[in-house]
Amino acid sequence: MQKMDCHNFKEMLDSYFCEELTVETNHSILHHAERCPSCRNEMASRRNLRLALQRACAQDQMSDDACERLRAMLRAEAAKVSEVRSLRRWWADFFDLKLALPIMAGAAALLVAVIGLATYRQLPISHNPAEAPAAEKLAALHLSDALMTEAASSHRTCAFHVEPDSTSQGMSNDEVKDFDPECVDLDKIVAEGAQGLPLCLAHVCGSSDRRFAHLIYRREGQLVSLLVTRRDGRAMQTGSVPTFIDGLADVQESKQTELNLDAYQTEKRVILVVSAMPKFENEKLARSLATPVVRHLRRVESQTALLEWPDFSRDLIGIELMTNVRGGKLR
Amino acid sequence: MIEDSAQNQLQRLQAFETEALVFTSQLYRVALRLCRDKAKAEDLVQETYLQAWRSFHRFEQGTNLRAWLYKIMFNVYYSGQRRQKLQFVGTEEIIAETIAYDPPTPQQLTDEEVLAALERLPKDFQIPILLADVEELSYREIADAMEIPMGTVMSRLHRGRKLLRTELTGYARNAGYRISK
């Protein structure tokens, strides 16, 4: 591995942000940034530039009109193709019969084909493939504001007690076993996504109504919380827990004053990542921290339910969908 | 049988819409940089989805749908623009030679300045930056989508980002002059 000096640092910094470096190189980057103030500044400036790019470009969205036109065009195309296919199949059948049987049978086949076509023409092709139920399903997955507030307040309260430079040895498993046996060794499960971020605190906290398995990591001087809690009625906006759906709406964002939250759901649990970092940063870090936890929980939950959940790594679909639901409609 | 076929078609369309239409804005942003015109960009996205739908049966479930859509979009775009694509080949080397030094990144930047600086880059640099830094595709996905080698993606990103910072330093310097006057 190359020695990490200021030159190499600057060369690799953008790839660090793109998560294209090995775990070891990530470490060297962070280590170098800790010791070198000028590189630390450059890191902040480049992150700033990246976020400005993302913000500025996010303003460009396809217009609603164009989206509607696109859908209409696809429907028309789908209807056209199915019509052509059926026609082809009927013709094929017709000629097969004609070759195999005498002319009388051929004429009968022709008659059948004509009747078949006539019936087909009358068949209505629905132009509304169940949009409303999908939107309802997604709305039912909305997490409650109460949960977001509780998660934010746990982050604030517990982070307040974290001393600078303190480190945690990991979760005490006796403590967490009572709360949720699947959260035993939670810090070890997250480790893959934490990519070497130092763990400062690991415990079970919260009130009697809402308890969390809580990990706090430090990242460039900022504290980041990962919280796991039960997906009960109080956690949902509607007050009732919907049966888990097809893995579409995984992530939901929220903002509680200075804090940004990103929440993922499994059938039985909610995983939240909270920090004071900018929205994009929190979202990205949340994806990285929560992914191994969600994967783990879905696996154990599916073992109990004998069901298989979709692969979580196709995550961007979820982000976009939830954003659109917040906008009040499904695109 | 007929009913089956129409029904199947609808189910396939629903699956396609659920999986693919979430990327419209992401595709549109890249289309906008390629076409530099809103109406043309919307047309490009439309055409991309049309082509994608027609070959959706060939798409391997479980592989990267987003990268596949981008790939179709580049194909659609470049098939109508073959001459322009060739024009870019020479410029890359020339530009790379003009930026021997790496300027520090300015700290104070408005979104507008950043966007304007991005717009000034040649498309060959703009698009990989957009894909990597804004849409957060991996370098491998970009190479697949643009059908260029991974090494080329990395060198274009490297040079493009440098160029972008040079542009921005220019802005910052100009802003400084204005203040001192």
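Reply: A:Leu227 stands opposite A:Leu272 in β6(A). This is a predicted model in which local features need pLDDT of at least 70, side-chain atom pairs count only at pLDDT 80 or more, and totals for chains, interfaces and linings use all residues. Residues are numbered from 1 along each chain as its sequence is written, while chains are lettered from A and ligands numbered from 1 in the order in which they are written.

Me: How many bridges join β3(A) to strand β6 of chain A?
Reply: Strands are DSSP runs of E, at least two residues, numbered from the N terminus, and two of them pair if DSSP finds at least two bridges between them. Strand β6 covers residues 269-275 and runs antiparallel to β3(A). The bridges joining them number seven.

Me: Which residue in β3(A) stands opposite A:Ile216?
Reply: Strand β2 (residues 211-219) of chain A also pairs with β3(A), in the antiparallel sense over seven bridges. Their hairpin has two residues between the strands, and A:Glu220 takes a positive phi near 45° there. Opposite A:Ile216 stands A:Ser225.

Me: How many residues of strand β3 of chain A are buried?
Reply: A residue is buried if 20 or more other C-beta atoms, placed from the backbone, lie within 10 Å of its own. Strand β3, residues 222-230, is mostly covered. Of its nine residues, the buried ones number seven.

Methods:
A residue is buried if 20 or more other C-beta atoms lie within 10 Å of its own, exposed if 12 or fewer, and partly exposed in between; C-beta atoms are placed from the backbone. Helices (H or I, at least four residues) and strands (E, at least two) are DSSP runs, numbered from the N terminus.
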